[in-house]
Amino acid sequence: MNHDLDPTQDLADQVLDLLRAAPEGLGEFELIKRLKAGHSTHIPQLGLNDHLVLFRTHFLLFNALYRLRDRLLAERSGWLAIGALHIQLLPYQAGEAALEASDPLRAYYLDMNQLRDTTKRDVDRLLASFWTRMQGGEEKRAALELFELDTEAPLDLAVIRRRYRQLVSLHHPDRGGSTSRLQSINKAMEILQRYYH
């Protein structure tokens, strides 16, 4: 499939073109892969195994997604469902502006200072604090956060295993993911298996 993008387009417009071509939606990694395949000049053309490159690529994509969502809402031409694992362009429905207004991540990703001011050390510290919480008695909560599982919904081992397989598939180094992320996913699965039988 040809994913050539117009290099003069804004990243949000490039993302919109890719999402229009994939009505079922795309995961973040697949979207990044298609942007790179289309030679987008708006995201780093570097491997994602460096934590800072991964953070910057993720941030730039999510900044574009939230700008695109705002624009689609203002035009009343669509709604963008934004999740770490699934991003999908949906038809506009009145009332979705209220959902957008309550999204706490929106302010973070629309603040370009967050991108400019975040260093490799900050990213490493975030990862370290996650694992400190894992070892400090909050391991179950931290593992559920890593798996992005809703703790309010009923969980069992079958749901957790299904989610584990999705994450492994998404972040496997053979598919452009990082070894450290895959190790984190495996560690979280070990922990969750102790809590759910």
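How do the axes of helix H8 (residues 139-146) and H10 cross, and within what distance do they come? The axes come within 9 Å and cross at roughly 130°. That makes H8 oblique to H10, where angles under 35 degrees count as roughly parallel, over 145 as roughly antiparallel, 65 to 115 as roughly perpendicular and the rest as oblique.

**Basis of the model**

This is a predicted model, in which local features need pLDDT of at least 70 and side-chain atom pairs count only at pLDDT 80 or more, while totals for chains, interfaces and linings use all residues. Residues are numbered from 1 along each chain as its sequence is written, and side-chain values use heavy atoms, with hydrogens and water left out.

The protein chain averages a pLDDT of 82 (the predictor's confidence in each residue, from 0 to 100), and 85% of the residues score at least 70. Where pLDDT is low, the predicted coordinates should not be read in detail. Helices (H or I, at least four residues) and strands (E, at least two) are DSSP runs, numbered from the N terminus.

**Helix H10 and its partners**

Axes are lines fitted to C-alpha atoms, for helices over the stretch in contact, and angles run from 0 to 180 degrees between N-to-C directions. The crossing of H8 and H10 is left-handed, a term for a near helix turned anticlockwise from the far one by less than a right angle, with right-handed used if clockwise. From H8, the contact (heavy atoms within 4.5 Å) involves Glu-139, Lys-140, Ala-143, Leu-144 and Leu-146. H10 contributes Arg-181, Ser-184, Ile-185, Ala-188, Ile-191, Leu-192, Arg-194 and Tyr-195. By class, this contact has eight nonpolar, one polar and four charged residues. Here Ala, Val, Leu, Ile, Met, Phe, Trp, Tyr, Cys and Pro count as nonpolar, Asp, Glu, Lys and Arg as charged, and the others, Gly among them, as polar.

The axes of H9 and helix H10 (residues 179-195) come within 10 Å and cross at roughly 170°. That makes H9 roughly antiparallel to H10. On the H9 side the contact is made by Leu-157, Ile-160, Arg-161, Tyr-164, Leu-167, Val-168 and His-171. The H10 residues are Arg-181, Leu-182, Ile-185, Asn-186, Met-189, Leu-192 and Gln-193. The residues of the contact of H9 with H10 divide into nine nonpolar, three polar and two charged.

Ile-185 lies in H10 and is buried, with a relative accessible area of 0%. Buried means under 20% relative accessible area, exposed over 50%, and partly exposed in between (1.4 Å probe, protein chains only). Leaving aside neighbours within four places in sequence, Ile-185 is in contact with Leu-146, Phe-147, Tyr-164, Leu-167, Val-168 and His-171. Asn-186 is also placed in H10 and counts as partly exposed, at 28% relative accessibility. With neighbours within four places in sequence again left aside, Asn-186 is in contact with Tyr-164 and Val-168.

The table gives two pairs of residues with their separations.

| Pair | Apart in sequence | C-alpha to C-alpha |
|---|---|---|
| Ile-185 and Phe-147 | 38 residues | 7.6 Å |
| Asn-186 and Ala-143 | 43 residues | 9.9 Å |

**Helices H1 and H2**

Seven of the 10 residues of H1 are buried, so H1 is largely enclosed by the rest of the structure. The buried residues are Leu-11, Ala-12, Gln-14, Val-15, Leu-16, Leu-18 and Leu-19. They pack against H2, H3, E1 and E2.

Helix H2 (residues 28-37) likewise has seven of its 10 residues buried, so H2 is largely enclosed by the rest of the structure. Those buried in H2 are Glu-28, Phe-29, Leu-31, Ile-32, Arg-34, Leu-35 and Lys-36. The buried residues of H2 pack against helix H1 (11-20), helix H3 (51-75), strand E2 (87-90) and helix H9 (157-171).

His-39 has a positive phi of about 60° although it is not a glycine. This residue comes just after H2, in the loop between H2 and H3, and is exposed, with a relative accessible area of 56%. Arg-76 is not a glycine either, and has a positive phi of about 55°. Arg-76 lies in the loop between H3 and strand E1 (79-82). At 59% relative accessibility, Arg-76 counts as exposed.
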